[in-house]
Amino acid sequence: MYSQGLRDSKAGDDPRELLEAFQKRIDNEEKIEPRDWMPQAYRKTLIRQISQHAHSEIVGQLPEANWVTRAPTLKRKLILLAKIQDEAGHGLYLYSAAETLGESRHKMFADLLSGKAKYSSIFNYPTLNWADVGAVGWLVDGAAIMNQVALCRTSYGPYSRSMVRICKEESFHQRQGYDIMIKMAKGTAQQKAMAQEALNRVWWPALMMFGPSDKDSTH
């Protein structure tokens, strides 16, 4: 993350000796804390990434919230509510981490609502039936885990620590989706067809969560 953030830096922005000392801490895998000195480009990159991550957690509740009143059983409704509650908590952890970098939560909300800030586009796809809820939980949360486990060791302390808990809870979300799909795969012919159609719809959008290759990325 550090080298990525410095792509936006300009020569002379930060004292050379401080940059070298900072890089040494990164190389030694030391955690950077809010009161520590950090390059402005590093701070800017962190705010951009953490706020985008927080927005994705909040917006990610919306497709699933549509199914709270339509879940097939009380058990499924309770599990879905627990998952939505987790996602809200993840957003709060991440907004709090971004605030330690000097960014106000009000500004982050305003940027999201104005369209200036982005979130994961996977949540723009509709959940057409209950099988979609399972496919999203299994594939999308599975992709999120693969992307986010590495962040448990990221250099910025508040972000790293929040990701440890988030990844544990995402594992529950992925298991919930898998359980729905297995249940439907063992059901009637109509349920099996519904599950397959949901997997077909969600498969490619889930792969897009890994982003373009490095050579095609603008960041």
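Is Y125 buried, partly exposed or exposed, and what is its relative accessible area? Y125 is partly exposed, with a relative accessible area of 40%. Here buried means under 20% relative accessible area, exposed means over 50%, and partly exposed lies in between (1.4 Å probe, protein chains only).

The model is predicted: local features need pLDDT of at least 70, side-chain atom pairs count only at pLDDT 80 or more, and totals for chains, interfaces and linings use all residues. Residues are numbered from 1 along each chain as its sequence is written, and side-chain values use heavy atoms, with hydrogens and water left out.

The chain has nine helices and zero strands. Its pattern along the sequence is α-α-α-α-α-α-α-α-α. Helices (H or I, at least four residues) and strands (E, at least two) are DSSP runs, numbered from the N terminus. The C-alpha atoms fill a box of roughly 70 × 35 × 35 Å along the principal axes. Of the 219 residues in the chain, 43% are buried. Contacts are heavy atoms within 4.5 Å. Among contacts between residues at least 6 apart in sequence, 74% join residues at least 24 apart.

The accessible surface of the chain comes to about 12400 Å². Carbon and sulfur atoms account for 57% of that surface. Areas come from the Shrake-Rupley method with a 1.4 Å probe; for residues, only the protein chains shown count as cover.

Y125 sits in the loop between α6 (105-114) and α7 (130-148). Y125 also belongs to a nonpolar surface patch of about 800 Å², together with M146, W203, W204, L207, M208 and F210. Patch residues have over 30% relative accessible area and no salt bridge, and nonpolar side chains (Val, Leu, Ile, Met, Phe, Trp, Tyr) are joined within 5 Å. A salt bridge is a side-chain nitrogen of Lys or Arg within 4 Å of a carboxyl oxygen of Asp or Glu. Helix α9 (residues 189-207) gives the most to the nonpolar patch, with three residues.

D111 is found in helix α6. D111 counts as buried, at 14% relative accessibility. Leaving aside residues up to four places away in sequence, D111 touches E103, K116 and A117.

E29 lies in the loop between α2 (16-27) and α3 (40-59). E29 is exposed, with a relative accessible area of 56%. The phi of E29 is positive, about 60°, although E29 is not a glycine. Most residues other than glycine have a negative phi.

Conventions
Patches are made of residues with over 30% relative accessible area and no salt bridge: like charges are joined within 9 Å, nonpolar side chains (Val, Leu, Ile, Met, Phe, Trp, Tyr) within 5 Å.
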